[in-house]
Amino acid sequence: MLDLAITGGTVVTMDGDRRVLRGGAVGVRAGAIVAVETDPLALEEARETIDASGSIVLPGIVDTHGHAGHSLTRGLGEGLDEGGWSDIVETIYFHASDILFWEAESRLAALERLQFGVTTSVSMTGSSPRIDDARYTMAASTGYRELGLRHITAAGPPGGRPWPQRYTERRDDGTTREHAIDLDRALAVTEEAIQAFRDLEGDLVRFYVGPSAICPTIDPDDDHSRRQVRGVRKLVERYNAGLHTHAYRGQIAAAIAIDPEILGPHACLAHCAGIGMDEVAILARTGASASSGPLTHAFALNRFPVIEALDAGVNVVFSTDGSAPDRSFDLIDQARIGVQLQRAHFADTSLLPAGKTLGMITNDAARALNMEREIGSLEPGKRADVILIDARQAHLAPEILAPLRVIGHASGHDVTTVVVDGRVLMRDRVVSGIDQDAILDGAHDALMATWERAGFSDINAQHPDTWRGVRYGA
């Protein structure tokens, strides 16, 4: 007997043949997909059945890059440039946050992702990773573990400021301790986090080595860069771990010059802003993936050559880059924006067909995380990560050309049902087994406490140009 049957919907399999089955069915047993049929009557009897009539049935959405902490810092510093916003969040993450902050934020972020149909996701612990204690990284995975989502937490040596990096530890008794972390300690804490996550039950939540940048400078002869790249490589090899990091122009070439084996299919590089075709060629040759956030361009202004990289054979995928300062975890909506940005840049409406784009947030995205054998498509043998989109709505009807309906017109708000590893986590927009009000209230309280500790001015204060300015700071 099946544990779960999903019947009667338009099943967009994303399998090797890219089959779309109208009135199809998906059978689930022991957390895995065991049957994908054109006729629901071909399925065995099931303990639980979901009637998907009027719905588009998809593999769970895979968000390949984001940041823990963002759900409690979005909107802050509006009117500031990237540097101003980064200063605010670094103060919060490195000095004003405690364990309760990271736990509360993770619950809110996990709930948002779940409601948007994101069944697998990645979060760096902070915008630049907080790495003075592995407890923060573990706390940042709390909500995903509690809600039952598939998640990757990433942390490693931070970047952006001169070493050593300074942090403030806030103890349970209310006392504080300021301390400095050098590169050796950052690598040691990364290793402690790897081991801590390996002690968790199950494999839904994992840890990837996540330095802030693939190489902290563009100088392969820089001593710190050489030590970091080689230290990261040792951890990745020793634990057979994934590598998840940022990359900007010159850093990919520098990392490869230091260690030709640092990149490979195990690596996913976010942004890749400003890179030229020489570094695109490195990605193609090594098999590393590139994760592009369409809405990141509000701050990371240099262009990543998405189309050129795809043409060169690079596995390019779309991601949210988190939910701050000015976006959300709705990756379905942002994938559409990604298409529009590329078409506008090239003045070419033939770019990024809907089916290809859908792959960039499902099966291609799974490949970017070395999880293509587990998730990313609806076919026997894969884990049962499934979402349903309600197509019986004015903006999605009539439901024809299902991939186009999803990428061209849908959003995460249209997701009604979410299944992860065979468990129904949300049905008819109701998330089971949680107190949603407690998550929302806990997030509010954690932010207020952290804001007060940071010593900032009134959190509700608005930039003077908010209401009438054509631009901030005019």
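This report walks through the nonpolar cores, the salt bridges and a surface patch of a predicted model.

## Ground rules

Numbering starts at 1 along each chain as its sequence is written. Since the model is predicted, local features need pLDDT of at least 70 and side-chain atom pairs count only at pLDDT 80 or more, while totals for chains, interfaces and linings use all residues; side-chain values use heavy atoms, leaving out hydrogens and water.

## The nonpolar cores

Let's start inside. A nonpolar core here is a set of buried Ala, Val, Leu, Ile, Met, Phe, Trp, Tyr and Cys residues joined through side-chain atoms within 4.5 Å. Buried means under 20% relative accessible area, exposed means over 50%, and partly exposed is in between (1.4 Å probe, protein chains only). The largest core holds 112 residues, and those with the most contacts inside it include Ile 252, Ile 361 and Ile 389. Helix 2 (residues 99-115) supplies the largest share of this core, nine residues. Helices are DSSP runs of H or I with at least four residues, strands are E runs of at least two, and both are numbered from the N terminus. Apart from that core lies another one of 17 residues, with Val 26, Ile 50, Leu 378 and Val 419 among them.

What does Ile 252 touch, leaving aside its neighbours within four places in sequence? Its contacts (heavy atoms within 4.5 Å) include Ile 214, Leu 263, Cys 272 and Glu 279.

## Salt bridges

Side chains of opposite charge can pair when their charged atoms come close. A salt bridge is counted when a side-chain nitrogen of Lys or Arg is within 4 Å of a carboxyl oxygen of Asp or Glu, and that rule gives 29 of them. In one, Asp 132 pairs with Arg 130, with the closest N and O atoms 2.8 Å apart; both residues are buried.

Asp 184 and Arg 227 also form a salt bridge, at 3.0 Å from N to O. This pair links distant parts of the chain, 43 residues apart: Asp 184 is in helix 5 (residues 183-198) and Arg 227 in helix 6 (residues 223-239). Asp 184 is partly exposed at 48% relative accessible area, and Arg 227 is partly exposed at 35%.

## A patch on the surface

On the outside, Ile 400, Leu 401 and Leu 404 make up a nonpolar patch with about 270 Å² of accessible area together. For such a patch, nonpolar side chains (Val, Leu, Ile, Met, Phe, Trp, Tyr) are joined within 5 Å, using residues with over 30% relative accessible area and no salt bridge; like charges are joined within 9 Å. Accessible areas come from the Shrake-Rupley method with a 1.4 Å probe, and for residues only the protein chains shown count as cover.

Leu 401 lies in the loop between strand 17 (386-390) and helix 13 (402-409), and is exposed at 53% relative accessible area.
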